[in-house]
Amino acid sequence: MKAEQCGAMCSKCPMKEMEYVPSEINLHAESIVIGNYPTDHEVRAERPFVGPAGNELVGIMRSIGWDRGQLDWVQVVACKPPENDMKKYLAQLRKQNRKID
């Protein structure tokens, strides 16, 4: 899904033409897993943390008794940057982070 389809916040972002991967939020989660940005694996699946590293992390979580559904899974940047290069989007990301602070 294209980021620009996600609403007002995306319409001003320089990454609005990029592929968007929504977070998986559990309102009862006690912990949150945070990644940097989606890879091709996440874009194809439209889910965060489903690539090789994500699958390894899910396996580790299961080994200590946590199920994927018990956690929030989010990415700092919800869109896959071209060629995984965030350099040209850092100014916008810093601007967004100031709003969060």
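Q: Why does Arg47 count as partly exposed?
A: This is a predicted model, and in it Arg47 has a relative accessibility of 35%. Buried would need under 20% and exposed over 50%, so Arg47 lands in the class between them, partly exposed.

Q: What makes the pair of Arg47 and Glu24 a salt bridge?
A: The cut-off is 4 Å between a side-chain nitrogen of Lys or Arg and a carboxyl oxygen of Asp or Glu. For Arg47 and Glu24 the closest N and O atoms are 2.5 Å apart, so the pair qualifies. The two partners sit in distant parts of the chain: Arg47 is in the loop between α2 and α3, Glu24 in the loop between α1 and β1, and 23 residues separate them.

Q: How do you know that Glu24 and Arg68 meet in a salt bridge?
A: Their N to O distance is 3.3 Å, and the limit is 4 Å, so this pair passes as well. Glu24 lies in the loop between α1 and β1 and Arg68 in the loop between α3 and β2, so the bridge ties together parts that are 44 residues apart in sequence.

Q: What makes Glu24, Arg47 and Arg68 a network?
A: Salt bridges link them. Glu24 pairs with Arg47, and Glu24 also pairs with Arg68.

Q: Why is Arg68 called buried?
A: Its relative accessibility is 12%. The label applies under 20%, so Arg68 is buried.

Q: What about Asp40 and Lys80: what makes them a salt bridge?
A: Their side chains come to 3.5 Å, N to O, and with a limit of 4 Å that counts, so the label holds.

Q: Which of the labels, buried or partly exposed, goes to Asp40, and which to Lys80?
A: Asp40, at 42% relative accessibility, counts as partly exposed. Lys80 has 15%, which is under the 20% mark, so it is buried.

Q: Why does Glu42 have no salt bridge?
A: The nearest side chain of opposite charge is Arg68, 7.5 Å away. A salt bridge needs 4 Å or less, so Glu42 goes without one, even though it is buried. Glu42 is in helix α2, and its side chain reaches the backbone nitrogen of Phe49 at 3.4 Å. Residues it touches beyond four places away in sequence include Val21, Arg47, Pro48 and Gln75.

Q: What makes up the nonpolar surface patch of about 290 Å²?
A: Ile32, Ile34 and Val76 do.

Q: Stepping back, what pattern does the protein chain follow along its sequence?
A: The order is α-β-α-α-β-α, built from four helices and two strands. Of the 101 residues, 33% count as buried. The chain exposes about 6,800 Å², with carbon and sulfur atoms supplying 52% of that.

Definitions and conventions
Residues numbered from 1 in each chain as written. Predicted model: local features only at pLDDT ≥ 70, side-chain atom pairs only at ≥ 80, totals over all residues. Heavy atoms only, no water. Patch = residues over 30% accessible without salt bridge, like charges linked within 9 Å, V, L, I, M, F, W, Y side chains within 5 Å. Areas by Shrake-Rupley, 256 points an atom, 1.4 Å probe, with all protein chains shown as cover. Buried < 20%, exposed > 50% of the residue type's maximum accessible area, 1.4 Å probe, protein only. Lys, Arg positive; Asp, Glu negative; His and termini not counted. Polar contact = N/O pair within 3.5 Å; in protein donor to acceptor, adjacent residues only side chain to side chain. Contact = heavy atoms within 4.5 Å.
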